[in-house]
Amino acid sequence: MDIAEEIKRIATSKLTDSNLFIVDVIVSSKRGPRKVLVLLDGDNAISIDACAELSRALAQDLDEVSWLEEAYTLEVSTPGVDHPLKLQRQYPKHIGRSLRVKLAEKTVEGKLVAIEGEKMTLAEETGSGKKKVVTNIDIVFSEIEKALVLVSFK
């Protein structure tokens, strides 16, 4: 049994708001108690109360299962900038933000300007001053290996 997948299934069943979804469950077993990190995201902003509510509901169920016998620490959090976007559902709320997208052949960086069906469009800037050129690049979601939201203050 895949513990992370089972925890994700249980966590998903505990969600009461259809705008919320589980992005990932990361189970680490380094020295000391096992850490269970549940990454919760939403179509809109997420409150700390939503994370706390899921944490309480999930902890209650996890305390009752036999396959998670050893001590663990449970953390329910939203994915930060250090967690790549994993689900297509995460992209729309990042329109207007800078992304770094790793493809098989290259890495592209630009501002997310649109999402249509199975592709997104990034506006990539090259050059500077009067020689600055903005090129729109269409990327099919299935070609993305990793995408990070970049924090920029431009």
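**Entry 1: aromatic pairs**

I searched the whole structure, a predicted model, for aromatic pairs and found 1. For a pair, I required the ring centres of Phe, Tyr or Trp (its six-membered ring) to lie within 6.5 Å; planes under 30 degrees apart count as stacked, over 60 as edge-to-face and the rest as tilted. The partners are Tyr91 and Phe141, which sit edge-to-face at 4.9 Å centre to centre with 65° between the planes. I then looked up where the two rings are in the chain. Tyr91 lies in the loop between strand 3 (72-77) and strand 4 (98-103), and Phe141 in the loop between strand 7 (133-140) and strand 8 (144-150), so the pair ties together parts that are 50 residues apart in sequence. Helices (H or I, at least four residues) and strands (E, at least two) are DSSP runs, numbered from the N terminus. Both Tyr91 and Phe141 are buried, where buried means under 20% relative accessible area, exposed over 50% and partly exposed in between (1.4 Å probe, protein chains only).

**Entry 2: His94**

I looked up His94 and found it in the loop between strand 3 and strand 4. His94 has a relative accessible area of 7%, so I noted it as buried. Setting aside neighbours within four places in sequence, I listed Leu85, Leu112 and Val149 as the residues in contact with His94. Contact means heavy atoms within 4.5 Å.

**Entry 3: the two helices**

I checked helix 1 (residues 3-14) against helix 2 (residues 48-62): their axes come within 9 Å and cross at roughly 130°. That angle makes helix 1 oblique to helix 2. Angles under 35 degrees count as roughly parallel, over 145 as roughly antiparallel, 65 to 115 as roughly perpendicular and the rest as oblique. The axes are lines fitted to C-alpha atoms over the stretch in contact, and angles run from 0 to 180 degrees between N-to-C directions. Helix 1 supplies Ile7, Ile10, Ala11 and Lys14 to the contact, and helix 2 supplies Leu54, Ala57, Leu58, Asp61 and Leu62. I sorted these residues by class and got 7 nonpolar, no polar and 2 charged.

**Entry 4: the whole chain**

I noted 2 helices and 8 strands, in the order α-β-β-α-β-β-β-β-β-β along the sequence. The C-alpha trace spans about 65 × 30 × 30 Å along its principal axes. Of the 154 residues in the chain, 36% are buried.

**Entry 5: conventions**

Residues are numbered from 1 along each chain as its sequence is written, and side-chain values use heavy atoms, with hydrogens and water left out. In this predicted model, local features need pLDDT of at least 70 and side-chain atom pairs count only at pLDDT 80 or more, while totals for chains, interfaces and linings use all residues.

Notes:
Nonpolar A, V, L, I, M, F, W, Y, C, P; charged D, E, K, R; others polar.
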